Amino acid sequence: MFVEQQEMFKRRNKMNDNPITDEELDKLLEIYCEGIYDMDPKTALPFWDYDFGPLFGDLWIKRMIKAIKIIKTQFSPKEVAKLFNGIAVPRKELIYSLVDLKVGDINKEDRKEFVNFWWDIIREKCANDDYLCENKTNLIHSKEEIKELMKKLNWNEHKDKKIGKEMGKISMSLNSLSYGLYSDIFAHNCFENFGPYKISGNEIFVVKTWTNLQPVEIWPETKDFKFKDIKIYCIYKDMDYTVDIYNHQWYSANTVDNLVKVALVIDGKEILVANDEDNIEKLREITKYLAEFAVEQFHKYKKEGFEKNKALWVMQRSYQFKEFFRLAGLEWNGPEMQEMLTRVKDKPVLNNPYWDFSYPKERLFRFWKKCFDPRLDTYFSKWEELFEKEVKTKKGVD
Amino acid sequence: MRIIKKGKGVSQGQATGKVKIIKNFEDFSKVQEGDVLVTKMTDPTMTVIMGKANAIITETGGMACHAAIVARELGIPCVVAFESATETLKEGSTIHVCGTTGNVQKEE
């Protein structure tokens with residue numbers, strides 16, 4: 001499961017010295033389609049990503065390509081990778097932009113350059129993710145780092161269910177807060193889990209992280225939020241853990257019953273959660289604060305209404321790349337973003353049939369893969385015709 | 001126990017509790033510790049009441065919906081894609097939810 005640290009963090013002198021292969025790209029497209037198919041467009045808040053992104057996808061991708069061309073001549077993948085707390089942001093940018101590349105009629109050479117750029121960052125960042133979660137793992141820590149964490153953390157034995165339940169509530173509240181701050185689609189800018197790291201025959205180690213909890217440029221009131229960075233370290237037994245390309249976590253067993261040890265770290269400080277009532281009570285106070293803040297934040301988000309939610313979507317997407325754009329001498333909320341905001345203003349979201357899962361899965365996958373494939377000139381304007389040919393005319397036959 | 005209906009199990013485990021149907025914000029106050037929260041779909045405004053629930057049932061959603069993700073973290077069973085759950089299930093009745101199979105059962 002692990003690779004040597006020097007292998008994981010090896011520095012490349014330039015980008016794209018090992019571009020994505022056709023085989024890797026085929027796997028990526030397959031995994032991407034599976035990730036989409038696991039979702040339910042009806043439950044996406046505030047709207048289905050793929051019905052909104054194309055409204056300004058051309059503007060988005062042109063700014064991103066501009067930034068990449070500047071950055072890749074001056075910085076190594078390692079330096080760029082350091083800008084991101086985890087790997088979910090680069091990973092999801094790569095897959096979301098496969099649509100934008102087609103919306104923006106980007107030429108083949110630039111599409112290739114774009115994909116290889118993010119591919120390099122992903123490989124730099126993640127120890128075992130060449131196929132973007134093919135193995136459904138999210139491993140960012142080296143073997144040595146895990147050993148160190150195991151040694152230095154003050155572990156709390158999970159003797160009864162009280163701690164596990166409170167930890168579950170903390171995770172839930174912070175995940176909910178992530179949705180309120182960054183909406184469903186960009187919640188990964190806040191929360192990301194790493195693992196599973198196998199530590200013994202039947203035990204796994206999972207690291208749950210929440211960062212960027214005070215995006216005051218988008219939500220000024222978050223300046224009053226008490227915490228900046230929260231991590232929960234969990235050891236589970238007799239359980240498999242997986243994470244998909246969309247940063248969705250899956251546990252094969254109950255996360256409370258199968259918890260063995262846990263450690264909670266808030267802003268670098270370990271919080272005692274040992275099994276005595278005083279500590280449990282302190283933990284409950286934290287849980288209550290987080291849950292109430294998450295609820296309040298989402299009420300604010302919902303109250304904003306359709307037009308503001310569209311604007312927020314554009315801002316939230318840009319905000320993830322605040323430091324990245326700065327590296328290229330651009331501002332995350334500069335004139336390029338203002339142009340995007342103008343573009344989406346007073347526009348309804350799209351209502352394309354491409355995401356109607358009642359069509360046979362095989363046909364949808366075939367269609368999606370052709371649309372997303374950066375090797376093909378299947379521009380967005382051609383999708384309707386392609387859909388008719390690949391999916392619609394054969395509905396119900398399979 | 002009689003199976004009322006089968007949905008899609010998206011968070012492992014089993015639990016029993018009283019049905020509390022949530023159609024709007026005013027219904028939030030009905031939820032007590034150990035209840036089964038039944039709604040069309042969850043969102044983060046339900047964070048506090050989801051923390052009280054023994055199980056969650058929703059009419060829409062899949063493996064990656066908000067209800068599923070949250071339930072897995074809480075370690076409680078969750079069944080999604082249970083069509084017309086807010087109409088089919090009776091407020092206050094005691095049901096058994098299996099988040100592994102997706103079965104929702106009622107005592108005969």
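**Close-up 1. Helices α9(A) and α10(A) side by side in the predicted model.** Here α9 (residues 161-186) and α10 (residues 277-303), both of chain A, have axes that come within 8 Å and cross at roughly 20 degrees. That angle is under 35 degrees, so α9(A) and α10(A) count as roughly parallel to each other. As for handedness, the crossing of α9(A) and α10(A) is left-handed. On the α9(A) side, look for K162(A), E166(A), K169(A), I170(A), S173(A), L174(A), S176(A), L177(A), Y179(A), G180(A) and L181(A). Their partners in α10(A) include I280(A), L283(A), R284(A), I286(A), T287(A) and L290(A), and also A291(A), F293(A), A294(A), Q297(A), F298(A) and Y301(A). Sorted by type, the residues of this contact come out as 14 nonpolar, five polar and four charged.

**Close-up 2. S183(A), a positive phi in α9(A).** S183(A) is found in helix α9 of chain A, and its phi sits near 65 degrees, a positive value in a residue that isn't glycine. S183(A) has 23 C-beta neighbours inside 10 Å, so it counts as buried.

**Close-up 3. D238(A), a positive phi in a loop.** D238(A) is found between β4 (230-237) and β5 (241-243) of chain A, in the loop. Although D238(A) is not a glycine, its phi is positive, at about 50 degrees. With 13 C-beta neighbours inside 10 Å, D238(A) counts as partly exposed.

**Close-up 4. A cis peptide bond at P196(A).** The bond from G195(A) to P196(A) is cis, with omega near 0 degrees. P196(A) belongs to strand β2 (residues 191-200) of chain A.

**Close-up 5. Helices α4(A) and α13(A) packed together.** Residues 57-74 make up α4 and residues 335-344 make up α13, both in chain A; the two pack at an angle of about 170 degrees, with their axes 9 Å apart. An angle over 145 degrees counts as roughly antiparallel, and α4(A) and α13(A) are therefore roughly antiparallel to each other. L59(A), W60(A) and R63(A) in α4(A) meet E336(A), E339(A), M340(A) and R343(A) in α13(A). By type, that contact holds three nonpolar, no polar and four charged residues.

Close-up 6. K369(A) has its place in helix α14 (residues 361-372) of chain A. K369(A) is partly exposed, with 17 other C-beta atoms within 10 Å.

**Close-up 7. Where chain B meets chain A.** Here 23 residues of chain B are in contact with 33 residues of chain A. Helices α1 (47-52) and α2 (66-74) of chain B each supply at least two residues of the side that touches chain A. The largest share of that side, six residues, comes from α2(B). By type, the chain B side divides into ten nonpolar, ten polar and three charged residues.

Terms used: Residues are numbered from 1 along each chain as its sequence is written. Chains are lettered from A and ligands numbered from 1 in the order in which they are written. This is a predicted model: local features need pLDDT of at least 70, side-chain atom pairs count only at pLDDT 80 or more; totals for chains, interfaces and linings use all residues. Two residues are in contact if their C-beta atoms, placed from the backbone, lie within 7 Å. Helices (H or I, at least four residues) and strands (E, at least two) are DSSP runs, numbered from the N terminus. Ala, Val, Leu, Ile, Met, Phe, Trp, Tyr, Cys and Pro count as nonpolar, Asp, Glu, Lys and Arg as charged, and the others, Gly among them, as polar. Axes are lines fitted to C-alpha atoms, for helices over the stretch in contact, and angles run from 0 to 180 degrees between N-to-C directions. Angles under 35 degrees count as roughly parallel, over 145 as roughly antiparallel, 65 to 115 as roughly perpendicular and the rest as oblique. A crossing is left-handed if the near helix is turned anticlockwise from the far one by less than a right angle, and right-handed if clockwise. A residue is buried if 20 or more other C-beta atoms lie within 10 Å of its own, exposed if 12 or fewer, and partly exposed in between; C-beta atoms are placed from the backbone.
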